[in-house]
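Here are my notes on the model you sent over, point by point. Have the structure open while you read.

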Amino acid sequence: NLFLFWIVVTVLAFTYLYEEVGHVKKRKKEDDASRVLNFGTLGNLKSYKTPFVELKAMGGYFETKNPNYLADAEKVDALFNILSEIKVSRLLTGEEIKNLDEANFFPNKDLWFSLVMDKGEVRVLLGKKLAVDRTFYIKMKRSDQPIENWALAYDDSPVEGVYSENEEKTNDDKYKRLGGIMSLKTEFFFDAHPLKKAGAFEKITVENMRNRPFVIEPTKQQTTPHVLNGLTFSPEAYQSFMEELIKLKAKELDLKPDFKKLKNPIGKMTFSTVQGQATVLELFKNYGKKTGYFIKTNTEEIVFEMDQNAPRLFFTNVQSFWNKSLTPWSSHEFSLSSSGQKFDFKINEKQGVESLQQMKVNEVTFKQLWNFLSVNADRVEELDTKEKVLESNFVLSFKDHQLYFIPQGAELHVVEPKLHLRFVYMVGELPVNLKLMDYFR
């Protein structure tokens, strides 16, 4: 009986799975069929057109036409993601079309887009939206079909904003967005990134008016000047720097520049590949009568007018790519000393603090201390071998290292004599307690 029971369960499970998969495939087929941009046998996309813009597919990327310029990949993706969610609710019958006033239902003849494919073209004209729900009129004409279809359609892309169920049914934000998309000008699609792609750079040379020039070698995880003894290169800082550079966009482009008008150079970055190719970005303060931030590259005949974020990246310094924290996690036993007193403690497996003199510990002040030590210093300086360490009333010792905490006005200096390093923190008010009895009771 048990054997028969398992046979029945297996058969039922197979039947359910077969029917459920069948329903999923059917729903997907129906969903695809309702999409306006279901191209069928028309082949690959060659271009996108409206009355105001044309984007040409170039094999992996798009270019604008008149002028011919690289289109922003993110904007092109966003465009097609929205258009691909236009779905047909139902086609209008011939009788319905006869009773409709075309001029009334399609008042703006410029609200159209077309997609030119390998084997034909699809053209869509946007009409009025119904007041009672989210649908709107469209006219569709495919070059491989003899008639023009009128339909009620809707935008099935995710809702932006918070609406009640009733508000969502009649909300016209997405409909207005479609009209806005079809009215975009060519300039909107220009790729305004001075640095188009990150690439596998072997070296990055940074020069600016504030700091001495330096070189980053990401594959070797080193810089010149070299990372100071006891510190390490920070791949995370480099990755963050490159991500910000790639996202950097101009607010205006001059596609017919006069480079002679660029004055007052204040920064330069050179990105070199293993193959010996170099991309150079130069930052200027003036362009003709304009004052601001302007970038010129060696790869394009363009002047990029930037916002206030550009100089921050150009004015970075070599220490921005170093780990400058003091977290002594490799040790478990420590001591704090001040004014001749010394208390030993250890960090247990649960990251708790235990006094080796059986004293009560203040977990809050210890947590503040560890948090402070895990933060990067604002800068690190090499100590002169002859330089005397200033007197400190607060010293943290572990293994064969000692950290001397020395307040200096608005700065807190933490000196490590063995490594000959001074860690400088711009703190204002002290972020940690420098009295022993704030740690032990």
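1. Start with Thr 223 and Trp 322: their side chains make a polar contact of 3.1 Å. By polar contact I mean N or O atoms paired within 3.5 Å; within protein, one has to be able to donate a hydrogen and the other to accept it, and residues adjacent in sequence count only if both atoms are side-chain atoms. Thr 223 sits in strand E12 (residues 222-224), and its relative accessible area is 0%, so it is buried. (Buried is under 20% relative accessible area, exposed is over 50%, partly exposed is in between, with a 1.4 Å probe and protein chains only.) Besides neighbours within four places in sequence, Thr 223 is in contact with Val 215, Ile 216, Phe 233, Val 318, Phe 321 and Trp 322, where contact means heavy atoms within 4.5 Å.

2. A word on ground rules: this is a predicted model, in which local features need pLDDT of at least 70 and side-chain atom pairs count only at pLDDT 80 or more, while totals for chains, interfaces and linings use all residues. Residues are numbered from 1 along each chain as its sequence is written, and side-chain values use heavy atoms, with hydrogens and water left out.

3. Now the overall picture. The chain has 9 helices and 27 strands; these are DSSP runs numbered from the N terminus, helices being H or I with at least four residues and strands E with at least two. Of its 441 residues, 41% count as buried. Looking at contacts between residues at least 6 apart in sequence, 58% join residues at least 24 apart.

4. How many aromatic pairs does a search of the whole structure find? There are 25, counting Phe, Tyr and Trp rings (the six-membered one for Trp) with centres within 6.5 Å; planes under 30 degrees apart are stacked, over 60 edge-to-face, and the rest tilted. Phe 345 and Phe 440 make a tilted pair, because their ring centres are 6.1 Å apart and their planes are at 55 degrees. Phe 345 lies in strand E21 (residues 341-347) and Phe 440 in the segment after strand E27 (421-426), so this pair ties together parts 95 residues apart in sequence. Both Phe 345 and Phe 440 are buried.

5. Take Phe 394 and Phe 405 next. Their ring centres are 5.3 Å apart with planes at 80 degrees, so the pair is edge-to-face. Phe 394 is in the loop between strand E23 (379-382) and strand E24 (395-398), and Phe 405 is in strand E25 (residues 401-408), so the parts tied together are 11 residues apart in sequence. Phe 394 is buried at 0% relative accessible area, and Phe 405 is buried at 2%. Ring pairs link a cluster including Phe 345, Phe 394, Phe 405, Trp 370, Tyr 425 and Phe 440.

6. Finally, helix H6 (residues 173-182). Its buried residues are Lys 174, Tyr 175, Leu 178, Gly 179, Ile 181 and Met 182. Seen down the axis of H6, they fall within an arc of 160 degrees, so they line one face of the helix; the arc is that of the directions from the helix axis to the C-beta atoms.
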